[in-house]
There are 2 protein chains.
Amino acid sequence: MNDFALGDPSLLAAFRRYERALLANDVAELDALFADDSTTVRADGGSALVGHDHIAAFRAGRPPVPDRILQRVHVRELTVDSAVLIAETSRADGGTGVQTQLWKRIGGAWQVTIAHVSTAPPAVETPRSGDPAVWRVPPGDAPLAAGADSGPLQGMRVAVKDLFAVAGQRIGAGNPAWLAGVPIEARHAGAVAALLTAGADIAGIAQTDELAFSLAGTNLHYGTPANPAAPGRITGGSSSGPAAAVAAGQVDIGLGTDTAGSIRVPASYCGLYGLRTTHDSVDRTGLVALAPSFDTVGVLARTSAVLTAAADALLPAADIVPTRELLVAPTLLELAQHDTRLAVEAALRALALRLDLPVRRIELDRDALEDWFIAFRQVQSAEAWRVHGDFVAAHPGEFEPAVEARFRSGADVDEVQEKTARDVLATARARLHELLPPGVVLALPSSSSPALPIDADAAAIDEIRGATLRLTCLASLAELPALSIPTARVGTLPVGLCLAAGPGADRALLALTEPK
Amino acid sequence: MNDFALGDPSLLAAFRRYERALLANDVAELDALFADDSTTVRADGGSALVGHDHIAAFRAGRPPVPDRILQRVHVRELTVDSAVLIAETSRADGGTGVQTQLWKRIGGAWQVTIAHVSTAPPAVETPRSGDPAVWRVPPGDAPLAAGADSGPLQGMRVAVKDLFAVAGQRIGAGNPAWLAGVPIEARHAGAVAALLTAGADIAGIAQTDELAFSLAGTNLHYGTPANPAAPGRITGGSSSGPAAAVAAGQVDIGLGTDTAGSIRVPASYCGLYGLRTTHDSVDRTGLVALAPSFDTVGVLARTSAVLTAAADALLPAADIVPTRELLVAPTLLELAQHDTRLAVEAALRALALRLDLPVRRIELDRDALEDWFIAFRQVQSAEAWRVHGDFVAAHPGEFEPAVEARFRSGADVDEVQEKTARDVLATARARLHELLPPGVVLALPSSSSPALPIDADAAAIDEIRGATLRLTCLASLAELPALSIPTARVGTLPVGLCLAAGPGADRALLALTEPK
């Protein structure tokens, strides 16, 4: 059943027992899981305890360990009977921890012979002011739109991507020519109104890639926002401004859109939680479209609790089918760079261990995936040209060349090609829906790599865009909800673990982030 | 040459290269010592870096690591080609650190494949006031005796054991009957005067076991001082008051005496640096004697720098022969309790690695050691009876029974027995001097165990006294200097690593504590 290489199943079962005992402060169980030997070591911040009995005495006298959530678990098997397990954890206060354990199989049972535990306090956020690369309408002293006097989002501040209507403001769509030609909006977009009704304040309007047709976050006109989680790197896009504002701690919630990854990619690059909602589940009135078959509303936040609260305000009510199985497809993992793949696997291992979920390996044919990707691009660009072709044609040279080229490629997709591509997508959609009945979740990298440096050349950016799109297009073409969780790390750079499920399973995905 | 079980010599050589490179911030060498693999892990307080290149990039961007001193090194060999090494370190500011490393032999060379580093800030000292179990004359607003206006000990405060004359004060010697019968001293003891001349202030007069004839620190009349480094435990004695005062941070220097371990044992139990000086090297005028053939002046401090400064003020000038070899005798290690032995070995391993000194195993015959110990006890008690017999006989029942019995046992040593015992000691002294030419240092446990609980029964205290005396009597009978360094830990309890050298090598021992 569990045939993803999480590690030796009996070792992982012992590790889960240890984690459960730790959170329950079950001292007897912890003592039993540590080797009963005078050479057993337990080290924390500054010193080491040697000997099982000394460790047991220490444990008996300390208060319970604060609740913590496994974020990444690395397994390094040494021999058939010994392995090192490195687990990275987070606490509710934003602090983090690492535990390194040497496990040995002693008399048939796995036991800890060396443990080293350390923690770090929460990082201090440094709010910055209204950088024009982040904000088209920066936050002022008063909210741009004040939320209801009560509600679950009371006191939370939202950065709205510049594709949504905010009453009294124009929509800029990341392009100055667009901004110059549009009227002031009379009413809030549906998603904006929903957040206001739930009590959140709209703090400001944040930048987007031009007409949302990019995953890079590089805007020729307004500048490239800095990535607060990865200095010197791009934020990803197209929800670049909301991602930068949330990651910098300037606001709590980023309201954005995701057509082909525009929530998931900046969430991945900026170390945020990001939800692409099920297609058509959240009202898109008052939103500038890109490719309506794939366009969705999405949200970004630094914590899963805030993300869940924001998504609650947007999504229709629905019963949650508890997740019973995680799927992983080697051909999807292989689309990521090698170290991104390792990082995502460590995060997936932590998730599966934390929730005690089996991980099943599925086969997704590489050639089929490529066909799906090509078909997706054709339909997306055909739709984008249908929606914006007149405007793009009327403003030659007023777009970033790569974006303009992307739009123009849609003009070349003829009716027959589009029909064929839509047939391919229907097949793909059926296949993915079949793989993802209620209770089943597909895990994959949110992006093929962490964020590139801001000064990366266009070719490098285009290359990772292609690899990332092959991953992100799956949820897009199958109308799936997809949640990016910021638990993987490539070096110091965040990268997302993406969880996709069947249409309507948004809340089931969010439930996977609850402490357990 | 190096035949003490420090661990695989090639592994330890690699570890030393690593430590040297770390302190020199030799990034290229550090990179070379980490396995060049995408699965290599380096974790610190709250997170892990995965992959050699990410670790190298991190290292290139960080400032040099602050100087640190290896305190304890634990080696756990897994296979012939893999081992975990846990090193505990201290920094100049009193902070501490732990690093756990998984080393593997890869292509013949040892490399780190997993490293986890963490640190803790210095512990905060909580000075307490004039507890009568610690102080016979507690510190007041002004010093009891003010030091010279300048000098290397300027600003340092001294607790003087209540065996030394302080001008204007009586000597209490830990016994109320003694205190009642003695005059006020007209002048300072030689050692007190030397510390004052060097600029230190005498803060107060601290308690001692009765007439210094105990290693426990339990004084029936004045109470048992609490051990600041080991809550609920004895401080050891007989320099109990100075040790408690120094360990609690109330003073910088403890001035005491060591006849049979009275500096080394409280240093061991209280986690202090303690020096027993070479017999007759420091002036004993103004000091109540116990057994003049073995009585020495000693000092206690929390740091090696303060200990060295205080010892400098007391000791005659002498050239230092650098230490070239450490000796270890299995029969001495076996006199310690099992976990104390492991703890002392970890501390010795750290010392040898830090100083790059070979450790040579020597044989000391168990039966000969027992003969030496018995002879030492006979001569010590005979001398003590000669010095204090009249007083003890005149005050029956006014001593702790065990102390009184110890004195009275000296009355039973006849002239022939004492002569025979002195012959045995002469042989022992010759053997130890032969083993310890200049440049050679013997390492052994400072005590056979960490401090016992305050409520331990007399039999338990007597048992560890016997085991400890078999260790401490060696330096006493051979007139050797002996330095106890507080780098071993049994559970959370301190225990000392004792370093003994030939007569006059006090400064060579102190030099071993210098950062290197």
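A salt bridge is counted here when a side-chain nitrogen of Lys or Arg lies within 4 Å of a carboxyl oxygen of Asp or Glu. By that criterion the side chains of A:Arg42 and A:Asp44 form a salt bridge, at 3.4 Å from N to O. This is a predicted model, in which local features need pLDDT of at least 70 and side-chain atom pairs count only at pLDDT 80 or more, while totals for chains, interfaces and linings use all residues. Residues are numbered from 1 along each chain as its sequence is written, chains are lettered from A and ligands numbered from 1 in the order in which they are written, and side-chain values use heavy atoms, with hydrogens and water left out.

A:Arg42 is buried because its relative accessibility is 9%, whereas A:Asp44, at 25%, is partly exposed.

The whole structure holds 50 salt bridges over all chains. One of them joins B:Arg470 to B:Glu370, with the closest N and O atoms 2.6 Å apart. B:Arg470 belongs to helix α14 (residues 458–477) of chain B and B:Glu370 to helix α11 (residues 366–394) of chain B, so the pair ties together parts that are 100 residues apart in sequence. Helices (H or I, at least four residues) and strands (E, at least two) are DSSP runs, numbered from the N terminus. Both partners are partly exposed: B:Arg470 has a relative accessibility of 22%, and B:Glu370 has a relative accessible area of 28%.

Another salt bridge links the side chains of B:Glu434 and B:Arg431, at 3.8 Å from N to O. These two residues are 3 residues apart in helix α13 (residues 415–435) of chain B, so about one helical turn separates them. B:Glu434 is exposed, at 57% relative accessible area, while B:Arg431 is partly exposed, at 30%. In chain A, salt bridges link A:Glu334, A:Arg341, A:Glu345 and A:Arg366 in a network.

How many salt bridges are there between chain A and chain B? The count is 0. The two chains do have 21 residue pairs in polar contact, both residues being at pLDDT 80 or more. A polar contact is a pair of N or O atoms within 3.5 Å; within protein, one must be able to donate a hydrogen and the other to accept it, and residues adjacent in sequence count only if both atoms are side-chain atoms.

On the side of chain A that touches chain B, the elements giving two or more residues are β1 (41–43), β2 (48–50), β3 (68–79), β4 (82–91), β5 (96–106), β6 (109–120) and α10 (338–355) of chain A. The largest share, 7 residues, comes from β5(A). By residue class, this side has 15 nonpolar, 18 polar and 6 charged residues. Ala, Val, Leu, Ile, Met, Phe, Trp, Tyr, Cys and Pro count as nonpolar, Asp, Glu, Lys and Arg as charged, and the others, Gly among them, as polar.

Each chain's part in the contact (heavy atoms within 4.5 Å) can be stated: 39 residues come from chain A and 39 residues from chain B. Together the chains bury about 3,000 Å², 66% of it on carbon and sulfur atoms. Buried area is the accessible area (1.4 Å probe) that two parts lose on being put together, summed over both. A:Gly46, A:Arg76 and A:His116 supply 17% of the area that chain A buries against chain B, more than any other three residues.

B:Ala43, in strand β1 (residues 41–43) of chain B, is buried, at 0% relative accessible area. Not counting residues up to four places away in sequence, B:Ala43 touches A:Val98, B:Ala48, B:Ala115, B:His116 and B:Val117.

One joins A:Gly237 and A:Ser238, with omega about 5 degrees, and A:Ser238 lies in the loop between β9 (201–206) and α6 (240–247) of chain A. In chain B, the peptide bond from B:Gly237 to B:Ser238 is cis, with omega near 10 degrees.

Methods: Buried means under 20% relative accessible area, exposed over 50%, partly exposed in between (1.4 Å probe, protein chains only).
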